[in-house]
Amino acid sequence: EPSRWGTGPDDAPSSITLPGGVPTYHYDVAEHGTATAIPPGSSDVTNTFDDDSSSHWSVSARRSTIQYCFKNHSKHAVRLYTITSAKDRPQADPRDWQLQGSDDGERWLTLDRRTKEPFTWRQQTRVFLTRNQTPFACYRFNFEANHGGNMTQVAEIELIGEAEAAQ
């Protein structure tokens, strides 16, 4: 007999389309932009945006920042994002962080804050929803704590936005 798992009325994920809105195509808008990391001396931060979860970024610090700015100062409203844990060192997974947006790379607005987030498996991709509807030229992740290690690492980050960039 087939399982009834996932068939309940509350089992389907909620829609990211606003009430009365028309559904739009969403994809990873982090293409051909510039990624930077603080503190300096970390591994190649572009690994975090290369669409390959077998590569990763790491830094010998519990607190760190990854910043991504879109090419040609284009702007995107990121409403979803994913973070994928690396293939080893679960203690280095991010646990607490903020996602922030900026148009100038100087003034930042906090769009999402997470605490005590688990990554149960290696190379696990987790999806996070924000209430952001404002397009920004830059986004950054302030990783404030990990799961107890002396370093922090991430395999992949995706910034999910609508198919057309806002003007």
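**Close-ups of aromatic pairs**

Ring pairing here gives a count of 11 aromatic pairs, where rings of Phe, Tyr and Trp (its six-membered ring) pair if their centres lie within 6.5 Å. This is a predicted model, in which local features need pLDDT of at least 70 and side-chain atom pairs count only at pLDDT 80 or more, while totals for chains, interfaces and linings use all residues. Residues are numbered from 1 along each chain as its sequence is written, and side-chain values use heavy atoms, with hydrogens and water left out.

**View 1. Trp97 and Phe119 form a tilted pair.** Their centres are 6.5 Å apart, with 35° between the planes; planes under 30 degrees apart count as stacked, over 60 as edge-to-face and the rest as tilted. Trp97 sits in strand 6 (residues 94–102) and Phe119 in the loop between strand 7 (109–114) and strand 8 (125–129), so the pair ties together parts 22 residues apart in sequence. Strands are DSSP runs of E, at least two residues, numbered from the N terminus. Phe119 is buried at 8% relative accessible area; buried means under 20%, exposed over 50% and partly exposed in between (1.4 Å probe, protein chains only).

**View 2. Trp97 also pairs with Phe143.** Here the centres are 6.3 Å apart and the planes meet at 70°, so this pair is edge-to-face. Phe143 belongs to strand 9 (residues 138–146), 46 residues from Trp97. Trp97 is buried at 0% relative accessibility, and Phe143 is buried at 1%.

**View 3. Ring pairs build a cluster.** Its members are Trp57, Tyr81, Trp97, Phe119, Phe128, Phe141 and Phe143.

How values were computed. Helices (H or I, at least four residues) and strands (E, at least two) are DSSP runs, numbered from the N terminus.
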